[in-house]
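Have a look at the model first.

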Amino acid sequence: MPRPLIGVTLDAEKPGGYSKFPWYALRQNYLDAIDAAGGLAVALPHEPDRVADYLERIDALVVTGGAFDVDPSYYGGGARHATVITKDRRTAFEFAVTQGALDRNKPVLGICGGQQLLHVVLGGKLIQHIPDSITDPLAHEQPNPRDEAGHLVKVARGTQLHGIVGADELPVNSAHHQAAADAPEGVVVNATAPDGVIEGIEAPRYRFCIGVQWHPEFLISEGDAKLFRAFLGAAASK
């Protein structure tokens, strides 16, 4: 059986650093985790006019994190917080390709900023800056390296995520200043941090639609590996 083709979204940077010209960015371990779980990864440039073409070819979608925030105008979030950094072409493309994947019931896995984008596509709102909204928050932008755990999350029993990871708690890394703010109709909160911040969501009406606020591609726990294997299993089941 051929490996499922997994579309993976990219971050984008302006000239400087790696190149004097605009460039895309993607950490290697996103692709390594997909490969290890049985997928064939392909990067998706930010071309909103090509969304339908991509969706004809890919079997599933990973929406990645990166140095960006979803523009509050997408979810009626009001004035933009001073910390918010947007990448308009990236968000326009990711919103369209994520909505299109869900419309076709293709498996979607949202990671960190990708979870936030997925939450907005599903009708949710975001906390624009956790320290301004949560009392005594954890260090969600952890000071230690990203390949180490920053805190634990509680996984809600009875959720698809709990069935996948088979654990009530997971150690996770943490690299975000925003988070899902609510649970709109059709969205289930499947993981939370000790300070109450939403760390995971899922939409049971789809065959696989899960977003996690941490970065499972670092494979900090066996639960992270199980999540990728479950996602690839769904992608292989057409």
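Buried residues, meaning those under 20% relative accessible area with a 1.4 Å probe and protein chains only, make up 51% of the 238 residues in the chain. Please keep in mind that this is a predicted model, where local features need pLDDT of at least 70, side-chain atom pairs count only at pLDDT 80 or more, and totals for chains, interfaces and linings use all residues. Residues are numbered from 1 along each chain as its sequence is written, and side-chain values use heavy atoms, with hydrogens and water left out.

The chain holds seven helices and 13 strands, taken as DSSP runs (H or I of at least four residues for helices, E of at least two for strands) and numbered from the N terminus. Its radius of gyration, taken over C-alpha atoms, is 17 Å, close to the 18 Å from the globule rule for 238 residues, so the chain is as compact as a globular protein of that length. That rule is 2.2 Å times the number of residues to the power 0.38.

Some values for the whole chain:

| Property | Value |
|---|---|
| Span of the C-alpha trace along its principal axes | about 50 × 45 × 35 Å |
| Share of contacts (heavy atoms within 4.5 Å) with a separation of 6 or more that join residues 24 or more positions apart | 68% |

Now to helix 4, residues 113–121: nine of its nine residues are buried, so this helix is largely enclosed by the rest of the structure. Among them are Gln 115, Gln 116 and His 119, along with Leu 117 and Leu 118. After helix 4 comes Gly 123, with a positive phi near 100°.

Technical notes
Buried < 20%, exposed > 50% of the residue type's maximum accessible area, 1.4 Å probe, protein only.
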